Amino acid sequence: MVIGLTGGSGAGKTTVAAMMKKQGMTIIDADLIARDIVKKGEKTLDELVEMFGPTILDDNGNLNRHALAGIVFSDPKKLQQLNAITHPRITAVVKETIAIETGIVVIDAPLLYEAGLDSLCAAVIIVVASFEIRLSRIMARDGISAASAEKRLESQKLQSKFLNVADFILENDGDKETLEKKLAGILNQIMGRK
């Protein structure tokens, strides 16, 4: 069985994925795949440099994530260009991993719907939190200013349209214990559908 897990930056998706992993589920982390496909020497990195210019590289020829984020999070068209290059490769790796795994597999992907990965899932859980909580979490996690964090959240406004199509909405405005209880309830419902 494949479960999709998504949510905007700072919502707590990574925390939920860790809880699911603790229960023995296999987690396919789309962010980790995204990091692997843009390592130095990878074709994807070459394509990104071709698209966005050499300013996205650091002095050692590795991807400078902050430089790339500065470009794509301030221009929706550039974000689309980035996704057009990376999504097909991420999807291919996800499918390869699903093919060899047994048991419950969780696709942990912030852009699950945008990449079309929801079509591989029996159920999708979207993790949500209030704007203020997400903003403070992003600032603390990434060590960035409120303005930079807001830009990131602005670029993800489109995700709210997926609230209507997700099978389950997991609210994460409280503590970890409350989140675990809510997740357990959702997982029981998913297993009951099987």
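**Close-up views of a predicted protein model**

Figure 1. Helices (H or I, at least four residues) and strands (E, at least two) are DSSP runs, numbered from the N terminus. The structure is a predicted model, in which local features need pLDDT of at least 70 and side-chain atom pairs count only at pLDDT 80 or more, while totals for chains, interfaces and linings use all residues. Residues are numbered from 1 along each chain as its sequence is written, and side-chain values use heavy atoms, with hydrogens and water left out.

Figure 2. Within helix α1 (residues 13–22), the buried residues are Lys13, Val16, Ala17, Met19 and Met20. Because these residues cover an arc of only 160° around the axis, they lie on the same side of α1. The arc is that of the directions from the helix axis to the C-beta atoms. Exposed residues Thr14, Lys21 and Lys22 are carried by the face turned away from the buried side. Here, buried means under 20% relative accessible area, exposed over 50%, and partly exposed in between (1.4 Å probe, protein chains only).

**Figure 3. The surroundings of Thr6.** Thr6 belongs to strand β1 (residues 2–7) and is buried, with a relative accessible area of 3%. A polar atom of the Thr6 side chain lies 3.0 Å from the backbone oxygen of Pro110. Leaving aside neighbours within four places in sequence, the residues in contact with Thr6 include Lys13, Ala109, Leu111, Tyr113 and Val127. Contact means heavy atoms within 4.5 Å.

**Figure 4. Val94 in helix α5.** Val94 is located in helix α5 (residues 76–100) and counts as buried, at 0% relative accessibility. Apart from neighbours within four places in sequence, Val94 is in contact with Ile28, Ile33, Ile107, Leu117 and Leu120. The C-alpha atoms of Val94 and Leu32 are separated by 11 Å, and these two residues are 62 residues apart along the chain.

**Figure 5. The nonpolar cores.** A nonpolar core is a set of buried Ala, Val, Leu, Ile, Met, Phe, Trp, Tyr and Cys residues joined through side-chain atoms within 4.5 Å. The largest nonpolar core has 31 residues, of which Leu48, Phe52, Leu68 and Ile107 touch the most other members. Two or more residues each come from α2 (30–36), α3 (43–52), α4 (65–72), α5, β3 (105–108) and β4 (123–128). The greatest share comes from α5, with 5 residues. A second, separate core of 19 residues includes Leu5, Met19, Leu187 and Ile190. In soluble globular proteins, nonpolar side chains tend to be buried together.

**Figure 6. Ile107 and its partners.** Not counting residues up to four places away in sequence, Ile107 touches several residues, among them Val2, Ile3, Gly4, Leu5, Val94, Ile98 and Cys121.

**Figure 7. Asn172 in a loop.** The loop between β5 (168–171) and α8 (176–193) holds Asn172, which counts as buried at 5% relative accessibility. Beyond neighbours within four places in sequence, Asn172 is in contact with Ala11, Gly12, Val127, Val128, Ala129, Arg137 and Leu179.

Terms used: Polar contact = N/O pair within 3.5 Å; in protein donor to acceptor, adjacent residues only side chain to side chain.
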